[in-house]
Amino acid sequence: MMWRVGTVVALHDETPTARTITLQVADWPSHVAGQHVDVRLTAPDGYSAVRSYSLASAPNAEGRVELTVERLPDGEVSPYLTQELAVGERLELRGPIGGWFVWRSRQTEPIQLIAGGSGIVPLMAMIRSRASAGSTVPFRLLYSVREPGAVFYRDELQAISSRDDSVTLTYANTRAAPKDFPRPPGRVDTSFIAESDLAL
Amino acid sequence: MGTVSRGFFGRRTAADVKLPPGQYLTTDFPVLSAGPTPKIALEKWEFTVDDGTNVLRRWNWKSFRELPTENITADLHCVTRWSKLGTHWEGVSLDTILGEIESDAEYAVVRSYGDYTTNLPLADLRNKQAWIAFRFDDEDLAPEHGGPARLLIPHLYLWKSAKWVRGIRLMHEDQPGFWESLGYHDYGDPWREQRYSGDE
């Protein structure tokens, strides 16, 4: 699998610790929602480090590739990607990789997505893929976060679920909940699932 | 050398730790599964060796545990790039399992509860390279790590060390298993960095 070079065309902070990186990749072969890429950083002496990141963008023919990276406090690659990398710079990647955890727009069965934290990223690619393909398949998302400020893609998720009755969105807050939230903070458990009318 | 990442210097592993290319060291034990963790009662557990037509050998938990066991110290290398060194296991050598079976098969498909499969050359299961492991760090192997028993074949990437193992099928032709059908390498040698289909 060959390494390609993408150019950073936009950066967007999703939360204080997570950043979306939009790349333009000249010969990108497109991808399927749920797939990931390997990203390679190379130091001036040739040392390199590679990590895998889920694709956040829907499949597209324009060579636009979006990743959302959560910064790990003791990480080697994620602090660079979320704090150092600048618009106009080049980033090496290869992919798309993975054929198991994917959603294709020709699929017709209803989908229950369940995300915790940065695990939303490949599921967001599926939600975006559904929207861009004009699919009307029912999608439900259960999205568990530590606290409300940790939600990625908040406005976009709100907009999609507002305009499309067949997309429903349920948040769970494990450490701190918004003032008007119906449940105290806590992990998703069987009572949460029973009360939330999830398709489980 | 590829594109140099401005401002990236990396964090090298200590020089006395030799890791396969592209791996980083971890001290915890990450869990990655493609599906739910099967619950297997020991009184229903069995392990078979078959040739696709006939069952050649069959063990229940009691007869399996009467086989001679070995203590194993092994380095684990996951294709998702973490490596964990010096792990301690107890298990039954595949030399013991396959010892009395006469076959001219050259390949094997390892099968698990939950229908996971992985393929490898039969020679890789012989000669003190592979075990059916049932204890980790002096404790019964936890279900999330593959208990009651898993394959342990440390010279290949860890997806080959099938969790919840239930049998081995001897094959005359190589037949890709689960991940090997979904974009991952047929053999998976970490020292040759055989991660994905098409890697040399």
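## Chain A at a glance

Chain A holds four helices and nine strands. This is a predicted model, so treat what follows as a guided tour of that prediction.

## Overall dimensions of chain A

How does the radius of gyration of chain A agree with that of a compact globule, and why? Chain A has 200 residues, for which a compact globule would have a radius of gyration near 16 Å; the value for chain A is 18 Å, which agrees. Along the principal axes, its C-alpha atoms fill a box of roughly 55 × 40 × 25 Å.

Turning to the interior, 35% of the 200 residues of chain A count as buried.

## A sheet in chain B

Now to chain B, where five strands form an open sheet with mixed pairing, in the order E3-E2-E11-E6-E7. Strands E3 (55-60) and E7 (117-121) of chain B stand at the edges; each has a single partner strand, so one side of each is left without a neighbour in the sheet. On average, neighbouring strands of this sheet are turned by 15° against each other, direction ignored.

## A closer look at one pair

Strands of a sheet pair through backbone hydrogen bonds, in either a parallel or an antiparallel way. In chain B, strand E6 (residues 107-112) pairs with E7(B) in the antiparallel sense, over five bridges. Which residue in E7(B) is the bridge partner of B:Ala108? That partner is B:Leu120.

Note on methods. Residues are numbered from 1 along each chain as its sequence is written. Chains are lettered from A and ligands numbered from 1 in the order in which they are written. This is a predicted model: local features need pLDDT of at least 70, side-chain atom pairs count only at pLDDT 80 or more; totals for chains, interfaces and linings use all residues. Two strands pair if DSSP finds at least two bridges between them. Helices (H or I, at least four residues) and strands (E, at least two) are DSSP runs, numbered from the N terminus. Axes are lines fitted to C-alpha atoms, for helices over the stretch in contact, and angles run from 0 to 180 degrees between N-to-C directions. The radius of gyration is taken over C-alpha atoms; the globule rule is 2.2 Å times the number of residues to the power 0.38. A residue is buried if 20 or more other C-beta atoms lie within 10 Å of its own, exposed if 12 or fewer, and partly exposed in between; C-beta atoms are placed from the backbone.
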